[in-house]
Every structure is written in C-alpha cells, then in structure tokens.
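I opened this notebook to record what I looked up in one model, entry by entry.

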Amino acid sequence: MQKRNYYIEIEDFLSDESFRTWILSKIDEQGWEEWTLESQQRAKLVQDARLLLLAMKGPYINISSLELNTALESTWAKIEEIKDLKKSTKIKTGRYLKKYWLTGVAATIFFAFLSVGFFKNQLQTNHTVVTYKELVNDNIEGLVEQTNNSNKPQVITLSDGSSVLLEPKSKLSYPKIFTGNERKVYLSGEGFFEITKNSHKPFFVYANEIITKVVGTSFRIKAYPDQPNIEVLVRTGKVRVSSNELVANSDQKNEVVLFPNEAVRFFRCDLSFTKITNIIEDKTLTSNTGKIEQLSFEFTDIPLDQILKTIEQAYLIKIDFPKDKLKDCHLTTSLSDQPLSEKLKIICNSIGHDTSFEMNGNQIIITSQGCY
C-alpha cells in the first residue's frame, strides 16, 4: 500500500517530495494525476494542497527539501503549542477546536514559508490573466454582444445555424456573419454550444485563458471571470482545448483532446489541465449539467407533441404549433447532434405540407397544414 493512501491532511502532501515535484515542475514520475482522479474526496484534498503550495512559491524561486522541512518543523512546533493551549484552557467543543486547529495549521505553514523568504510579493502570480474585454477588443471584426441578464438560459442562433444556450450572468460576442476560414466567438460565463458541422471552417470559443476548437459537436463551457477554474464538458463529437497564446508560458502550452462524456478542468492559477474521463464521478461537473445534456433526442415513432415538449424542456423555450392539425403526427428521427435550428428544420421537413417555423428569441412558432 502506498503511503500516500493514508494522507488525510494538507501537510502530508506538502512534505512529500514527489508531490512537490509534480506540482512545481510538472514531472509526474509517481503517477499523481491518475491517483488523484481515483476519488473525488482525494481530488479535493490534492487541489487544496496544490493551491497552498503554489501560493507559498514565490516568483522564480525553487523550494528546496531542506527549506521545506525546516518550515514544517516550525509548523509542528506551532501545532504542539495549540495542543498545549487546548489542555490549559480545557476546550471541550470538539467541532470548534478542530476548526481552530486546522486554521492554525494552514496559517503557520503560510508564515513559516514567509520566514524563509518564499514570498516577495503577496500571492503574486507569474502568468497573464486574460479577460473577456481584452479578447473582444483584439478582434478586428464588428461583433454583436449578447448579455443574459435574466434568471434562465437564453437561446442564441448564430449565422451558420449553430446555437448557444447562454446561462444567466453570461455574455457572448460573435460576428453577425462568419467570414474567412474560421468561426470565432467569445464567452464570459457559461454556455452550451451546438455547432453546425463545417470541416472547412473550424469553430473557436475564446474563454479567458483557454481556446476550444471544434468542427461540429455539442459541449458546455463554464468560464466565469471571478472563478479559479474553467471547465469544458463534451456531449457529442470531438473537442480540442488549449491555453490562449496571450498567457505566459504559451510556448509550453498543452492541448487536451476530449471525446463524448469527457471533460477538462483548467486551473487558472498555474495554467494546468486536468482531464476527466469519468464525469459521473465528478459531482461538480454533474451538478453543472443542464436538461439539454440529460435528455435524449433519439425518437422512434414518437408523437410530435412529445418531441416538441422534449425540445421545450431542453432549451427552456416555448413552441406554439397547430395541435389539432398535428395531433396524429408521429416521427422517427435522430436529433442528438444538431443545433436547435437544425432540429426544427428536420422536424418541419418530416411533417411536410409547407410546414415551417419562425424563431424569436425563446419563442418558436410552427405553422403547418398537417402531416403527410
């Protein structure tokens, strides 16, 4: 049994030389990343240790084992003082003492490193923070900006037929018409993307420090400016995620390739990626998924009104259609890998008899004379 299986405190990780090498030098000879992903509780503890170690690492300063051990010895001395304080004051409230003790551990580790000169600037990072405003200003095309100030997702249809389900408190900037050999949009916040396939015109989503590249697929990006991580979760197709060339160390940037039901978490503090191949075990990811990822769009001889209800639930929209004329319509179709507008086109073409639709924000109107 590996000794790290018994690690239960942050200082256990900080005192492990192979862990420090993995975090600070990105050399993973002991398989830390694979070991971390085996348990969500373990991953949370590892992330806390990672953030504290990075915070204690001053710019351009290497942490030697001797210095770290010296600092930890000082920490344990402080811990013993806390224990003595417990005995002398006869504190009986276990919950309060545990919280006090853990706070003392974190604080003393922090100031122990201060004493050996690991801080030259308070919590200074050595990479560039990329903002949504900066990305938009660098674009020479005229962009349309859509901001969702409501309390529910909003559907945005792009000129190529792609659709974006934009979450509340989020922004999306995009050109009225995609020109050239690329399709670029800029996201601040969270959105679920369904991209129209075009192998000659790849689609790029710029979100803070990362770039997500696709040809035709569906995926979710969560990139709020005030949060430490960026997440990309793929529902269908294939996605490539890399760090933006504007950030430092771009010459060493990594690219992560994602397939259906895979995700990546990008840590903005150190520009690192963690790929997640089993999203079911990551409660943070699963809690962020919406109805659109949970519902099936595979239909076999299903009544039309039921299909339209599924679409309404997925996109949180309202669809008006002539129920009396379409009450006997049943469809067999696959709509899993299609943007909203394409889903509606397929449905209308399947119904026939001059069936058509109009989109006005979150309101859809279908007109028809009935089924074939």
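**Contacts and overall make-up.** I took contact to mean heavy atoms within 4.5 Å. With that rule, among contacts in the protein chain between residues at least 6 apart in sequence, I found that 55% join residues at least 24 apart. I noted that the model is predicted, so I kept to its limits, namely pLDDT of at least 70 for local features and pLDDT 80 or more for side-chain atom pairs, while totals for chains, interfaces and linings use all residues. Residues are numbered from 1 along each chain as its sequence is written, and side-chain values use heavy atoms, with hydrogens and water left out.

I then looked up the secondary structure, where helices (H or I, at least four residues) and strands (E, at least two) are DSSP runs numbered from the N terminus, and the protein chain has 12 helices and 18 strands. For burial I used relative accessible area with a 1.4 Å probe and protein chains only, buried being under 20%, exposed over 50% and partly exposed in between. Of the 372 residues in the protein chain, 46% are buried. The accessible surface, from the Shrake-Rupley method with a 1.4 Å probe, comes to about 19700 Å² for the protein chain, and 50% of it belongs to carbon and sulfur atoms.

**Aromatic rings.** I counted rings of Phe, Tyr and Trp (its six-membered ring) as a pair if their centres lie within 6.5 Å, calling planes under 30 degrees apart stacked, over 60 edge-to-face and the rest tilted. The structure holds 12 such aromatic pairs. One of them joins Phe 13 and Phe 19, which are tilted at 55 degrees between the planes and lie 5.4 Å centre to centre. Phe 13 is buried, because its relative accessible area is 1%, and Phe 19 is buried as well, at 0%. Phe 13 also pairs with Trp 32, again tilted, with 6.1 Å centre to centre and 55 degrees between the planes. This second pair links distant parts of the chain, since Phe 13 belongs to helix 1 (residues 10-14) and Trp 32 to helix 3 (residues 32-36), 19 residues apart. Trp 32 is buried, with a relative accessible area of 1%. I recorded one aromatic cluster formed by Tyr 7, Phe 13, Phe 19, Trp 22, Trp 32 and Trp 35.

I next asked which charged side chain lies over the face of Trp 22. The rule I applied wants NZ of Lys or CZ of Arg within 6 Å of the ring centre and within 35 degrees of the ring normal. Arg 50 is the residue, at 5.5 Å from the ring centre of Trp 22. In a further case, the charged end of Lys 323 sits over the ring of Phe 321, 4.8 Å from its centre.

**Salt bridges.** Here I required a side-chain nitrogen of Lys or Arg within 4 Å of a carboxyl oxygen of Asp or Glu, which gives 12 salt bridges. Lys 184 and Glu 182 form one of these, at 3.5 Å from N to O; Lys 184 is partly exposed at 24%, and Glu 182 is partly exposed at 35%.

Which two glutamates did I find bridged to Arg 220? Glu 190 meets Arg 220 at 3.1 Å, N to O, and this pair joins strand 5 (residues 183-194) to strand 8 (residues 218-223), 30 residues apart. Glu 190 is buried at 7%, and Arg 220 is buried at 5%. Glu 293 in turn has its closest atom 2.7 Å from Arg 220, N to O, which links strand 8 to helix 9 (residues 291-294), 73 residues apart. Glu 293 is buried at 15%. Salt bridges that share partners join Glu 167, Glu 190, Arg 220 and Glu 293 into one network.

**Nonpolar cores.** I defined a core as buried Ala, Val, Leu, Ile, Met, Phe, Trp, Tyr and Cys residues joined through side-chain atoms within 4.5 Å. The largest has 39 residues, and those with the most contacts inside it are Leu 172, Val 185, Phe 193, Phe 203, Phe 219 and Ile 221. Strand 6 (residues 203-207) gives the most to this core, with 5 residues. Apart from it lies another core, of 27 residues, including Leu 165, Ile 319, Cys 329 and Leu 335.
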